[in-house]
Each structure stands twice: as C-alpha cells, then as structure tokens.
Amino acid sequence: MISDKFRRELRAEAKLWEAEGLIDKSLYQQLSERYQFHIIETSSRNQFLSILIGLGSILLGIGVITFVAANWQVWSREVRVAMLLSVFVAVNVAGFYLWRIPPSQNKNLNPSILPATKGRNKLLGEGLLLLGALILGANMALMAQMFHIGGSAYGLYLVWGIGVLGMAYSLRLTSLGVLSALLIGFGYWLAVLDWSSKVEFSWLEVLVRQMPIAASLMFVPLAYWCRSRVIFTIGAIAIIFSLQVSIAQTADGGWGAAIFCGLAPALLWGYDDAIWPKLHSRLFQPTARSLALLYFAGLFYFLSFHWFWQDSPTPRQTGPDWVLLANVAVLGGLAVLEWLHLGRLEMGRRTQKAVNLTTGAIALFILASAFIPFFHLTFTPIPQLATFLFNVLSFLLAVGLIREGLALGNRQSFWGGMVLITLQIISRVFEYNTELLLKSFVFVLCGIGVIAAGLWFEKHFAKIDD
C-alpha cells in the first residue's frame with residue numbers, strides 16, 4: 001500500500017523535476033493521474049475526519065449509556081429490552097448502509113491508494129459500526145443485570161470481544177478487529193489477575209486456559225484478512241503474553257525457565273508469512289521480528305541485574321497442568337516448523353554465497369538466553385557469571401541494533417540500540433555502590449555520547465542522500 005507521505009514527497013520531487021526540465025509536462029500529468037496528487041490533501045482530511053468520527057462515536061456511546069443509566073429505574077423491563085435492541089439494530093443498520101456505499105473514484109486511480117481515499121459516508125458508516133460494537137457490550141451488561149445473570153467481569157469482556165470479532169470478520173474492518181483484540185486481551189488480563197475464581201461457563205474456561213492457541217486462530221487470520229499490522233501486533237502481543245503465563249503456571253525448574261526465555265523470541269523471529277499457503281509476500285515478518293528484538297531487549301535488561309540471580313525459585317509442589325502445556329506443545333511445534341523453513345531458506349542463500357548473519361546471531365541469542373537459566377537452576381547456581389553473561393548479551397544486542405541502523409539507515413534500530421546501551425550503563429551505575437562523582441561523570445559521558453552519535457548519524461546519512 002502506497003502511503004500519503006510517499007505520494008506527497010513524489011509530488012514535490014516531480015514538480016522539481018519538471019522545473020529542472022528532467023521530465024515534460026505530459027509525464028508529470030501521467031504521474032499525477034496515477035498517484036492522484038490532487039486528492040492528497042483530501043486524503044489527509046479524511047484521515048483526520050476518521051479520527052474525529054471514531055472519537056465522536058466513543059463519546060456518543062458513553063452519552064447513550066449515561067442517558068440509559070439515568071432513566072433505567074423508571075422504565076419497565078419490556079421497555080428496556082425493546083429500547084436496547086432497537087438502538088443496537090438501528091445503529092448497526094445505518095452504519096452498514098453508509099459503509100457499503102462505494103465512494104466516487106477516478107477509474108484511473110491506482111488500486112494501491114484506494115484505502116486512503118475513503119468517502120465521508122464510508123467513514124461515517126465505519127464510525128457507526130464502531131459505535132454499534134460499543135453498544136453491544138453495554139447491552140450485554142444491562143441484559144445480564146435485568147435477568148439476574150451472574151458472572152465475572154472478564155467473562156463479559158471475553159464474550160463482548162468475541163461478538164465484536166465476529167463483526168470484524170464479517171465486515172473486514174480494521175477498527176473492529178483492533179477493538180476486539182483489545183477487549184479479549186483485557187478480559188484475559190482480568191482472568192489472570194483473578195485466576196483462582198472459576199469462570200462461569202465451561203467454554204470460557206477453555207478459552208482462558210487455551211488463550212495462546214485461541215488468539216492465534218482469532219487474530220492472525222483477521223490481520224491477513226484486513227491487511228492490518230496493528231491487528232497483527234496486538235494479536236502477537238496477546239499470543240506471547242498468554243503463552244508466557246501458561247509457561248509460568250505449568251513449567252517448573254530449569255526446563256521451564258529455558259522455555260520461558262527462549263520460546264517466545266524463537267516463535268517471533270522465525271515467523272515467515274510464506275509458511276502459509278497462497279501467501280507470497282512478507283507482510284508481517286518485519287513486525288514479528290521487531291517484537292522479537294523488543295522481547296530480547298526487555299529480557300536481557302531484566303536479567304542483567306545481579307539481585308535476580310541471588311535467590312533460586314522454590315520448586316512447585318503440584319504437578320504440571322497438561323491442559324496448559326498443550327499451548328507450549330502447539331506453539332513450540334510451530335516454532336520448530338518456522339525455523340526448519342528458515343533453515344531451508346538460509347541453505348539456499350548459502351549456495352548463492354549470501355548468508356544472513358543476523359539470523360545466526362539471533363539463534364545464538366535464543367540458545368544463550370535459554371541455556372543460562374537452565375544451567376543455573378538445574379546443575380549449579382552461577383549468579384555472578386549469569387549476570388555478566390546477560391550484560392554481555394545486552395551489550396551485543398545494542399551494538400547489533402546500532403549496526404543495523406547504520407547499515408540500513410533505520411533510525412528506529414539505531415536509537416533503540418543507543419537507548420539500550422545507555423540504559424544499561426546507567427543501571428549498572430545505580431545498581432552498584434558508587435560515588436556521586438562517578439555517577440555524575442557517567443551521566444555526562446552518556447549525554448555527550450548520545451549527542452555525538454546522533455549528530456554523526458544524521459551527518460553520515462545526509463552525505464549518503466546527497
């Protein structure tokens with residue numbers, strides 16, 4: 001999909017080319033018709049309008065809920081039910097009618113920029129459908145209250161999120177998919193905080209206990225269906241978080257710590273869109289790998305503190321929960337398939353003398369992050385050595401991010417590495433008993449280093465661009 005930023009920069013460059021005589025007026029007109037230069041500002045206004053409509057829909061939904069709450073005790077049960085259903089049906093029907101009206105478009109419009117040129121009716125209809133999804137949750141809560149149906153808060157959010165998920169699949173709407181992922185994720189978080197309570201429905205209990213597998217089936221296909229990186233990102237976070245919760249609640253000892261530290265980054269970095277049939281573009285692989293790097297940064301930084309390794313965890317007295325271990329088995333098997341696929345690709349590159357060293361470094365990170373806690377908990381405690389090794393791993397990750405940023409011109413990677421290495425230095429200064437003069441010197445040195453690195457980075461790529 002071509003972004004508005006690219007089209008805006010292309011329009012500015014095309015005007016400059018025409019002024020310098022590099023292209024004639026007819027070629028500029030062809031570029032203008034293909035990339036629709038004249039509707040760039042309209043597209044920006046539509047994006048701003050979509051934000052306003054979404055915010056207005058949320059406020060309108062809150063206003064309707066407040067109005068109903070103010071008059072709730074006055075109306076009879078029949079009036080309440082009729083009103084709730086009428087509002088829900090009316091809002092969704094109106095939203096669907098406006099949303100399905102095709103906007104007037106130029107026949108010569110490039111299909112890759114169609115999503116940025118939605119008509120106002122379509123945006124308004126999407127806002128009403130989002131409002132209808134919010135009304136669905138209010139109706140469920142009020143219906144349960146009227147008919148004295150007991151239940152937990154996380155049960156409400158899970159059922160609400162599943163209902164919105166059905167709307168997102170049927171309408172192929174990114175906004176509804178994001179709302180559904182947030183609702184289900186929040187419901188699962190509430191369930192984790194209240195794990196001792198029994199879920200009111202057996203199928204909800206299965207959903208909570210098998211959330212890693214369920215989230216994979218719910219959000220990954222929807223992300224491809226909507227071609228939304230936002231849905232994929234939220235879904236991947238939900239999968240990894242629920243997987244780590246399952247590991248923490250079931251696995252124990254060295255093997256549990258190894259799986260906890262190594263499975264998530266292996267699953268994320270090994271992800272390749274091409275493993276699915278009829279998918280030839282890597283739409284979400286960069287997103288998954290960015291999440292893997294974020295996971296490594298957080299893991300290495302957290303495990304680089306010496307206090308973490310001082311006390312070994314107490315072994316769990318109860319046996320493992322085999323139902324929860326099914327999540328580890330399924331996603332662990334998927335990670336193995338991903339890395340086998342990745343290995344075949346690397347073998348093909350090796351025959352062409354183009355080996356990807358980054359993947360090899362990530363594989364070493366995964367093995368090291370899994371083996372160190374396994375050895376510490378299984379054979380003999382190594383608190384000093386483990387602290388040192390994770391500090392080294394954090395430093396190597398930061399250097400690798402800086403190198404990737406310099407090689408690819410990626411500011412996010414460069415500054416991510418700079419922030420990580422600066423944070424590591426400052427944390428070590430505060431962690432150990434040092435004098436204030438040394439701390440002051442370290443802060444000044446880090447500040448000067450960050451400023452110098454930033455100026456050098458921008459100057460380096462300014463030369464490349466020239």
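## Close-up views of the model

View 1. The model shown is predicted, so local features need pLDDT of at least 70 and side-chain atom pairs count only at pLDDT 80 or more, while totals for chains, interfaces and linings use all residues. Residues are numbered from 1 along each chain as its sequence is written, and side-chain values use heavy atoms, with hydrogens and water left out. Leaving out residues up to four places away in sequence, Ser 180 touches Gly 161, Val 164, Leu 165 and Phe 219, where contact means heavy atoms within 4.5 Å.

**View 2. Gly 177 also belongs to helix H7.** With a relative accessible area of 0%, Gly 177 is buried. Once neighbours within four places in sequence are set aside, the contacts of Gly 177 are Ala 168, Leu 222 and Ile 231. Look too for Phe 232: its C-alpha atom is 9.8 Å from that of Gly 177, although the two residues are 55 residues apart along the chain.

**View 3. The largest nonpolar core has 84 residues.** Such a core is a set of buried Ala, Val, Leu, Ile, Met, Phe, Trp, Tyr and Cys residues joined through side-chain atoms within 4.5 Å. Val 164, Leu 176, Met 211, Met 218, Phe 300 and Leu 397 have the most contacts inside this core. Helix H9 (residues 211-226) gives the most to the core, contributing 10 residues. A second, separate core has 6 residues, including Leu 10, Ile 23, Tyr 28 and Tyr 35.

**View 4. Helix H2 (residues 25-35) has buried residues Tyr 28, Leu 31, Ser 32 and Tyr 35.** These residues are on the same side of H2 because they cover an arc of only 100° around the axis; the arc is that of the directions from the helix axis to the C-beta atoms. Just after H2, Gln 36 has a positive phi of about 55°.

**View 5. Phe 305, Trp 307, Phe 308 and Trp 309 are among the members of one aromatic cluster.** The structure has 23 aromatic pairs. Rings of Phe, Tyr and Trp (its six-membered ring) pair if their centres lie within 6.5 Å, and planes under 30 degrees apart count as stacked, over 60 as edge-to-face and the rest as tilted. The Phe 305 and Trp 307 pair is tilted, because the ring centres are 6.1 Å apart and the planes are at 40°. Phe 305 is buried at 14% relative accessible area, whereas Trp 307 is partly exposed at 47%. Phe 308 and Trp 309 make an edge-to-face pair, with 5.4 Å centre to centre and 80° between the planes. Of these two, Phe 308 is partly exposed at 32% and Trp 309 is buried at 3%. The cluster also includes Phe 296, Phe 300, Tyr 301, Phe 302, Phe 365 and Phe 390.

**View 6. The charged end of Arg 172 sits over the ring of Trp 225, 4.6 Å from its centre.** This description applies if NZ of Lys or CZ of Arg is within 6 Å of the ring centre and within 35 degrees of the ring normal. Arg 172 lies in the loop between helix H6 (153-171) and H7, and is partly exposed at 46% relative accessibility. Most residues other than glycine have a negative phi, but Arg 172 has a positive phi of about 60°. Arg 227, in the loop between H9 and helix H10 (229-250), also has a positive phi, near 55°. For another charge over a ring, find Arg 289, whose charged end sits over Trp 269, 4.4 Å from the ring centre.

**View 7. Cys 226 and Cys 261 are both buried.** Their relative accessibilities are 14% for Cys 226 and 6% for Cys 261. The whole structure contains 0 disulfides, counting as one any pair of cysteine sulfur atoms within 2.5 Å.

Definitions and conventions: Buried < 20%, exposed > 50% of the residue type's maximum accessible area, 1.4 Å probe, protein only. Helix = DSSP H or I, 4+ residues; strand = E, 2+ residues; numbered from the N terminus.
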